[in-house]
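Have a look at the model first.

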Amino acid sequence: MVVYGALDIGGTKIAGALVDPQGRLLVRSERPTPAREPAEVLMGAVTGVLDELSGHSAWRDLARLGVASAGPVDMSAGTVSPVNIPGWRGFPLIERIRSHPRVPAHADPVLVGDAVAMAAAEHWLGAARGVDSALCMVVSTGIGGGLILGGRLHAGRSGNAGHIGHISVDLDGSACPCGARGCVEGLASGTAIAAHALAAGWTPPAGAAATAAGVAAAARSGDPVARTAYDRAAQALAAAIAATTALVELDLVVIGGGVAQAGDTLFAPLRRHMADYAVLDFTRDVPVVPAALALNAGLIGAAAVAAAALVGPEGTAGVAVGATPVGPRASDGGAVPGPRTSLPLRDGAALG
């Protein structure tokens, strides 16, 4: 059986999996991201995940390895510079993974942004299945995005297209670690939600850490400070989503990541604010829905990108997403397989 390896590296966790051609996870490993530690400590966590995966019997069937990382990434150079992982700046992640003693030469790793991988997964098996134009977002420790345009994944030249977390929505806002001001990530990430709630007087339960999940629980219990923190985040997200919709005429917005697990605590005010920002006829009433693949979307997408060679060494953009093509694309008026259909991946095939 052919197996695809996947790594999903973010500011909170470093996850890995072996994934079969139907997108099912055969084995999964996860470690906390030592985000404030030096580069080699971070790489040690990645190595630990690879060690665990390579100890599984399915590893012998590994065909290719996909790596989804918080960005920015540079696909052609194989380097990463995640805004929320300061120890990695131009870090040669792909070279280091390639040098792992148990990674076979034929399984040459492929790098892509984590939210681009999430977009690939949601368009293949999730909430964006069959949709022609979609924005898929990860809202977690940081915020990223990936675009489906014309029924195809658009990764961009460097692999960062759709990086919505660093659109400025507050011209006089606070400085962002990326160097700009008023970025969406600084207002709506899990880190920002918790920080704003604390600054406004919210106190987590005794012995509990101050997290966005804790703020969400307080908001559900009616805490006005917690509810305001989520409303503020939702407004920032709405402004960025509406701007993106005006640029590329989206059919759907999919939101995943840890913050999205708050459910209506996030989505209800977000949809309300969308009505204030998406006011042009062609931007109104675009559905905003939760990701269907939850916290495994990055892993499934990384495997899909690797399996289909969606992103080549030149940083190819606009490649098809899905499995072996079945009839015309939705954008051509043709039939699209239903969302429950398992579409096998073939090495080097387009996903679609």
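This is a predicted model: local features need pLDDT of at least 70, side-chain atom pairs count only at pLDDT 80 or more; totals for chains, interfaces and linings use all residues.

Residues are numbered from 1 along each chain as its sequence is written, and side-chain values use heavy atoms, with hydrogens and water left out.

Let's start with helix H7, residues 224-248. Helices here are DSSP runs of H or I with at least four residues, strands are runs of E with at least two, and both are numbered from the N terminus. The expected span is 1.5 Å times one less than the number of residues. For the 25 residues of H7 that gives 36 Å, and the end C-alpha atoms are 36 Å apart, so the two agree. At the start of H7, a side-chain oxygen of Asp 223 comes within 2.9 Å of the backbone nitrogen of Val 225. After H7 comes Glu 249, with a positive phi near 50°.

Now the charges. A salt bridge means a side-chain nitrogen of Lys or Arg within 4 Å of a carboxyl oxygen of Asp or Glu, and the count comes to seven. Three of them are listed here:

| Pair | Closest N and O atoms |
|---|---|
| Arg 24 and Asp 20 | 2.8 Å |
| Asp 108 and Arg 98 | 2.7 Å |
| Asp 281 and Arg 284 | 2.6 Å |

For accessibility, buried means under 20% relative accessible area, exposed over 50%, and partly exposed in between (1.4 Å probe, protein chains only). Asp 20 is buried at 2%, whereas Arg 24 is partly exposed at 49%. Asp 281 is exposed at 65%, and Arg 284 is partly exposed at 43%.

Which rings pair up? Ring centres of Phe, Tyr and Trp (its six-membered ring) must lie within 6.5 Å; planes under 30 degrees apart are stacked, over 60 edge-to-face, and the rest tilted. One aromatic pair turns up. The rings of Trp 88 and Phe 91 have centres 4.7 Å apart and planes at 10°, so the pair is stacked. Trp 88 is buried at 0% relative accessibility, and Phe 91 is buried at 7%.

Lastly, the loop between helix H8 (264-277) and strand S12 (288-290) holds Val 279. At 42% relative accessibility, Val 279 is partly exposed.

Conventions:
A polar contact is a pair of N or O atoms within 3.5 Å; within protein, one must be able to donate a hydrogen and the other to accept it, and residues adjacent in sequence count only if both atoms are side-chain atoms.
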